[in-house]
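Please read it alongside the sequence and the structure shown below.

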Amino acid sequence: MPIQDGQRLFWTAKDVSATLPARDDGGHKGTFGTALLLASTRDMPGAALMAGLGAMRSGVGKLEIGTDPEVINGVVSALPESIYLREGLRKVGAGEVELERYRAIAAGPGVHPDDVTEKAVQALLASPCPLVLDAGALSMRSYPKRHAPIILTPHPLEFSRITGIVKEDLAENRVFHAVSFAKKWGVAIVLKGNHTIIAFPDGDVRINPTGNAALSKGGTGDTLAGMILGMLCCHDNWRHAVLNAVYLHGACADKWVETRSAHTMLAHEITSLLPEVWKSFEH
């Protein structure tokens, strides 16, 4: 169980070691599921790569990236293991994609919060899959009751935008507001920042102890969204998937600053550290 420090509940290294899944030696790519990542426009092509690397390094069996055609050529050389779905957002919004075949879905890194994105999000909310909404897929909206979880991953400015809470009030009451909106909307909220808050729809809340200023750089949130997506595919307990993704994401940044300056880490380098960091928590 997490340890308590005053009013804060921390997800600890011991919790991570106890809940990370073992890789079934008799498994195959179908055992660990197919994930769908809807990410990037021609203006922000790198988000699909960073989120895709995060997902592929985090236990998924197969990854499909839905993105603009212009993005694919730039991403495929760095991530040839993925399958690519051209015009993914538009096709999902138009009902042209069979969403039931995915183990989990993430949407939002590197996309614009426009009508095309909103149509896709509404289609995703009607699907039976665990759903991660990040960046451009975050908006002021209500959420339907559904069996599978919805996970929102805002940074503070995005949280203010989708809730109307001013940033000064949020800074002073991060746990309260994360829990309040998680319960109100029936979603999990990963409120990113120093000691990221993870609030669940039943009011349960955890605080992540890992991470440092090396994560204060563009693209690290894209990587985290991908890691959550991948871990949803290999964990039986979706809450553990979210908590472990956040913890290991921060732990990679902690590993970086053991020998290098926090000024210098790039977002895509998080996933190059993940194999060693993850291994350190396995029995």
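## Contact of α6 with α8

In this predicted model, helices α6 and α8 are oblique to each other, because their packing angle of about 45° falls in neither the roughly parallel range, under 35 degrees, nor the roughly perpendicular range, 65 to 115. Helix α6 covers residues 156-163 and helix α8 residues 174-185, and their axes are 12 Å apart. The crossing of the two helices is left-handed.

On the α6 side, the contact is made by Phe159, Ile162 and Thr163. Their partners in α8 are His177, Ala178, Phe181 and Trp185. Sorted by class, the contact of α6 with α8 comprises 5 nonpolar and 2 polar residues, with no charged residues.

## His177 within α8

His177 belongs to helix α8. Is this residue, His177, buried or exposed? His177 counts as buried because its relative accessibility is 6%, and the cut-off for buried is under 20%.

Leaving aside residues up to four places away in sequence, His177 touches Phe159, Ile165, Asp169 and Leu170. Phe159 is also one of the α6 residues that meet α8. Ile165 and His177 are 12 residues apart along the chain, and their C-alpha atoms are separated by 8.3 Å.

Helix α9 (residues 220-234) packs with helix α11 (residues 270-279) at an angle of about 40°, and the axes are 11 Å apart. That angle makes α9 oblique to α11. The crossing of α9 with α11 is right-handed. Thr220, Thr223, Met227, Met231 and Cys234 of α9 meet Ile270, Thr271, Leu274 and Trp278 of α11. In terms of class, 6 nonpolar and 3 polar residues take part in the contact of α9 with α11, and no charged residues do.

Helix α10 (residues 238-256) also packs with α11, at an angle of about 100° and with the axes 9 Å apart. The angle therefore makes α10 roughly perpendicular to α11. From α10, the contact involves Leu248, His249, Ala251, Cys252, Lys255 and Trp256; from α11, it involves Ile270, Leu273, Leu274, Glu276, Val277 and Trp278. The classes in the contact of α10 with α11 are 9 nonpolar, 1 polar and 2 charged residues. Ile270, Leu274 and Trp278 of α11 take part in the contact with α10 and also meet α9.

## The covered helix α2

How many of the 11 residues of helix α2 are buried? Helix α2, residues 46-56, is mostly covered, with 9 of its 11 residues buried. These buried residues are Ala47, Ala48, Leu49, Met50, Ala51, Gly52, Leu53, Gly54 and Ala55.

The buried residues of α2 pack against strands β3 (34-38) and β4 (62-67), and against helices α3 (69-76), α9 and α11. Helices α9 and α11 also pack with each other, at an angle of about 40°.

## Residues with positive phi

Most residues other than glycine have a negative phi. Glu87, although not a glycine, has a positive phi of about 55°. Glu87 is located in the loop between β5 (83-86) and α4 (88-93). With a relative accessible area of 34%, Glu87 is partly exposed.

His195 is likewise a residue other than glycine with a positive phi, here near 60°. The loop that holds His195 runs between β9 (188-191) and β10 (197-199). His195 is partly exposed because its relative accessible area is 23%, whereas buried means under 20%.

## Annotated domain

An unreviewed UniProt entry places the feature "domain: YjeF C-terminal" at residues 12-281. In the model, residues 12-281 are 42% helix and 13% strand. The end C-alpha atoms of residues 12-281 lie 11 Å apart.

Terms used: Residues numbered from 1 in each chain as written. Predicted model: local features only at pLDDT ≥ 70, side-chain atom pairs only at ≥ 80, totals over all residues. Heavy atoms only, no water. Axes fitted to C-alpha atoms, helices over the stretch in contact; angles between N-to-C directions. Helix = DSSP H or I, 4+ residues; strand = E, 2+ residues; numbered from the N terminus. Parallel < 35°, antiparallel > 145°, perpendicular 65-115°, else oblique. Left-handed = near helix turned anticlockwise from the far one by under 90°. Contact = heavy atoms within 4.5 Å. Nonpolar A, V, L, I, M, F, W, Y, C, P; charged D, E, K, R; others polar. Buried < 20%, exposed > 50% of the residue type's maximum accessible area, 1.4 Å probe, protein only. UniProt positions renumbered as here; feature names shortened; annotations may be inferred.
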